[in-house]
Amino acid sequence: MTFANAGSLGVQSGKRDEVVAILTRPSPDLADAGCLLYEVGTNDAEPDTVYVVELWASAEAHRASLQLPSVKAAIAEAMPMLTGTMGGFRFDVAGSPLRNA
């Protein structure tokens with residue numbers, strides 16, 4: 001069963017593009033850790049927010065990824081530009097009409 005994590009990150013005014021650049025850097029470590037999809041986006045109606053949607057092989061794979069040195073470094077780099085406002089939700093995926101399982 002796969003695991004989905006969708007969230008929003010509040011960013012300091014004018015820092016959105018810098019945070020997007022950090023989060024969209026190529027990271028083979030994520031795929032090796034079980035990340036199946038990692039999409040980062042924005043909405044011009046909310047210029048101080050970055051959105052992230054992740055699909056993982058499992059919730060455990062997601063948790064374990066947070067211990068990767070490359071992930072810790074990216075988080076540390078982005079943190080000073082975040083406001084602390086976060087939203088989102090997580091769920092175990094039951095299925096999809098686009099793929100088997």
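Helices here are DSSP runs of at least four residues, numbered from the N terminus. With that in hand, let me go through the side-chain contacts in this model, which is a predicted one.

The whole structure has five salt bridges. Shared partners join Arg16, Asp17 and Asp44 into one network. Arginine 16 has a relative accessible area of 14%, so it counts as buried, because the cut-off for buried is under 20%. Aspartate 17, at 57%, counts as exposed.

Another of the salt bridges links lysine 15 to glutamate 18, at 3.4 Å between the closest N and O atoms. Lysine 15 is partly exposed at 28%, and glutamate 18 is partly exposed at 38%.

Now the aromatics. How many aromatic pairs are there? The count is one. Phenylalanine 89 and phenylalanine 91 are stacked, 6.1 Å centre to centre, with 20 degrees between the planes. Phenylalanine 89 is exposed at 52%; phenylalanine 91 is partly exposed at 39%.

Last, the surface. Leu36, Leu37 and Val53 form a nonpolar patch there, with about 240 Å² of accessible area together. Valine 53 sits in strand S3, residues 49-56, and is partly exposed at 40%.

Technical notes: Residues are numbered from 1 along each chain as its sequence is written. This is a predicted model: local features need pLDDT of at least 70, side-chain atom pairs count only at pLDDT 80 or more; totals for chains, interfaces and linings use all residues. Side-chain values use heavy atoms; hydrogens and water are left out. Rings of Phe, Tyr and Trp (its six-membered ring) pair if their centres lie within 6.5 Å; planes under 30 degrees apart count as stacked, over 60 as edge-to-face and the rest as tilted. Buried means under 20% relative accessible area, exposed over 50%, partly exposed in between (1.4 Å probe, protein chains only). Patches are made of residues with over 30% relative accessible area and no salt bridge: like charges are joined within 9 Å, nonpolar side chains (Val, Leu, Ile, Met, Phe, Trp, Tyr) within 5 Å. Accessible areas come from the Shrake-Rupley method with a 1.4 Å probe; for residues, only the protein chains shown count as cover. A salt bridge is a side-chain nitrogen of Lys or Arg within 4 Å of a carboxyl oxygen of Asp or Glu. Helices (H or I, at least four residues) and strands (E, at least two) are DSSP runs, numbered from the N terminus.
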